[in-house]
Amino acid sequence: MNFELESYVAQILKDIREKGIEAVKEYSRKFDGYDGEFLVSEEEFEEAERQIPEKDKKIIKRTIERIWEYHEKQLENDKLYIKNASLYGIIYKPVRRIGIYVPGGKPLPSTLMMVGVPAKIAGVKEIAVTTPPKNGKVNPYVLYVAKLLGIKEVYKLGGIQAIGAMAYGIGMKKVDKIFGPGNKFVNEAKRQVFGVVGIDSLAGPSEIAVIADESANKEYVLYDLLSQLEHGKDSKAWLLTTSRELAEYCSRDGIEVVLCKSLEECAEKANEIAPEHLEIITKEPLKLVDLIENAGAIYLGEYTPVPAADYFLGVNHVLPTGGAAKFSGVLTVMDFMKRISLAYVSREEFLAERYLGIRLAEIEGLEMHKKSMEVRR
Ligand SMILES: NC(=O)c1ccc[n+]([C@@H]2O[C@H](COP(=O)([O-])OP(=O)(O)OC[C@H]3O[C@@H](n4cnc5c(N)ncnc54)[C@H](O)[C@@H]3O)[C@@H](O)[C@H]2O)c1
Ligand SMILES: N[C@H](CO)Cc1c[nH]c[nH+]1
Ligand SMILES: [Zn+2]
């Protein structure tokens, strides 16, 4: 736990809670150099669309199709069954209003595709997007993706102030759940507002671990490791290998190299790290999958590099970091749905089984619970 970061973010969120829009404006000026309207106008959407070359529009549409195809298979049906003329089960309903954070230090329009598509498949009705402006503007590709997904509410807001605004409903209607990755400040702010709103997961600075043996192509492995370090100075990369030659080749700034005696030892190290992404580039990568317990995503073989998954495979690139893969996983359509328990009990079953509840209410000393079950005829 980084206590310095925790109290830094807590202070800014407290300020935002107490002073409202004035604090949001102040932090926006301070961290994003922005002092204008937060809500993106219709004209700005139109201008963004004009700026995008036709060939890029096709790239974006095809990528959205691939993400859609992968995610629509995740939608689960309500699960209901009948027993003794009673109805039991779970039904699913979409979260009504969500906020999506789209990183903007290096603007990531692909992230809006990754969060917006499953939200749409789930049937979320209201979507607000926040993303930090650069020179007063939102990246045109982000606005174009928003337009394709039918999202009209986009705010020029970044960092902690964006998370505070969405969670407390400042300068916009409060959201029910916040989605999307971000840097360490965004990630910590999301962690701290959990409870006021829901959050998808702790998707912070990118990480990659690669398990590779002597059969792996050295150049492929090195570029995969460097690809995730490129996201920023807080990103992490680990090489877990049985090959001394590969270990030496990849010993560069920012890459933590661990030379292991066996692939089983590599797998155990990976489980300790619980990386966001784990690539396995060995002679028989499938054989290792059973040994992996903790990873946000596992990509196998030479032709599944993380950047392919970041962009076009269709799999989701919003993934837990910082060890959070020990208790959470990749973003799916079902993260946009709430589970609601449903029961409709028949008189016959109620009268036959209520002795269980009546005795349990006695054991717990809850008189009115007992009465509620006893009074029924
Ligand atoms: N885990 C995932 O699923 C996933 C997916 C995509 C991207 N990412 C990560 O998202 C991150 C994006 O980071 P980014 O910085 O490019 O964009 P960002 O939008 O997350 O953060 C930029 C904002 O941070 C705020 N900020 C910067 N310095 C600050 C300070 N000192 N105090 C308070 N606020 C400050 C500013 O408001 C700025 O607009 C990267 O680390 C990337 O690796 C993770
Ligand atoms: N690697 C990031 C997830 O950690 C996702 C991303 C977006 N654009 C490029 N990469
Ligand atoms: Zn990436």
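Four donors count as tetrahedral if all angles lie between 85 and 135 degrees. Four count as square planar, and six as octahedral, if opposite donors are over 155 degrees apart and all others between 65 and 115; anything else is irregular.

**Before you start**

This is a predicted model: local features need pLDDT of at least 70, side-chain atom pairs count only at pLDDT 80 or more, and totals for chains, interfaces and linings use all residues. Residues are numbered from 1 along each chain as its sequence is written, chains are lettered from A and ligands numbered from 1 in the order in which they are written, and side-chain values use heavy atoms, with hydrogens and water left out.

**Whole chain**

Show the protein as a cartoon. The chain has 15 helices and 13 strands. These are DSSP runs numbered from the N terminus: helices are H or I with at least four residues, strands E with at least two. The C-alpha atoms fill a box of roughly 75 × 55 × 45 Å along the principal axes. Of the 377 residues, 49% are buried. Buried means under 20% relative accessible area, exposed over 50%, and partly exposed in between (1.4 Å probe, protein chains only).

**Stop 1: the zinc ion**

Select ligand 3, the zinc ion. His 231 (NE2) and Asp 310 (OD) coordinate the zinc ion at 2.1 Å. His 231 sits in the loop between helix H9 (218-229) and strand S9 (236-241), and Asp 310 in helix H13 (residues 306-311), so the pair ties together parts that are 79 residues apart in sequence. Donors are N, O and S atoms within 2.8 Å of the metal (3.2 Å for Na, K and Ca); water is not among the atoms, so sites may look incomplete. The four donor atoms subtend angles of 86 to 178 degrees, which makes the arrangement irregular. Colour by accessibility. His 231 is partly exposed at 35%, whereas Asp 310 is buried at 10%.

**Stop 2: ligand 2**

Now select ligand 2. Its surroundings include His 231, Asp 310, Leu 108, Tyr 311 and His 317. A residue counts as near if one of its heavy atoms lies within 4 Å. Next, display polar contacts (pairs of N or O atoms within 3.5 Å; within protein, one must be able to donate a hydrogen and the other to accept it, and residues adjacent in sequence count only if both atoms are side-chain atoms). An oxygen atom of ligand 2 is 2.6 Å from a side-chain N or O atom of Glu 276. A nitrogen atom of ligand 2 is 2.9 Å from a side-chain N or O atom of Asp 310. Taken alone, ligand 2 exposes 290 Å², and the protein buries 93% of that. Areas come from the Shrake-Rupley method with a 1.4 Å probe; for residues, only the protein chains shown count as cover.

**Stop 3: ligand 1**

Move to ligand 1. It has 30 residues around it, and Tyr 8, Asp 32 and Ser 206 are among the closest. A polar side-chain atom of Tyr 8 lies 2.7 Å from a ligand 1 nitrogen. A backbone N or O atom of Gly 105 is 3.0 Å from a ligand 1 oxygen. Taken alone, ligand 1 exposes 860 Å², of which the protein buries 85%.

**Stop 4: Thr 321**

Select Thr 321, in the loop between H13 and strand S13 (337-344). Thr 321 is buried at 6%. Its side chain reaches the backbone nitrogen of Gly 204 at 2.8 Å.

**Stop 5: the cysteines**

Finish with Cys 260. Its sulfur is 3.6 Å from the closest cysteine sulfur, in Cys 266, too far for a bond. A disulfide is a pair of cysteine sulfur atoms within 2.5 Å, and the count comes to zero.
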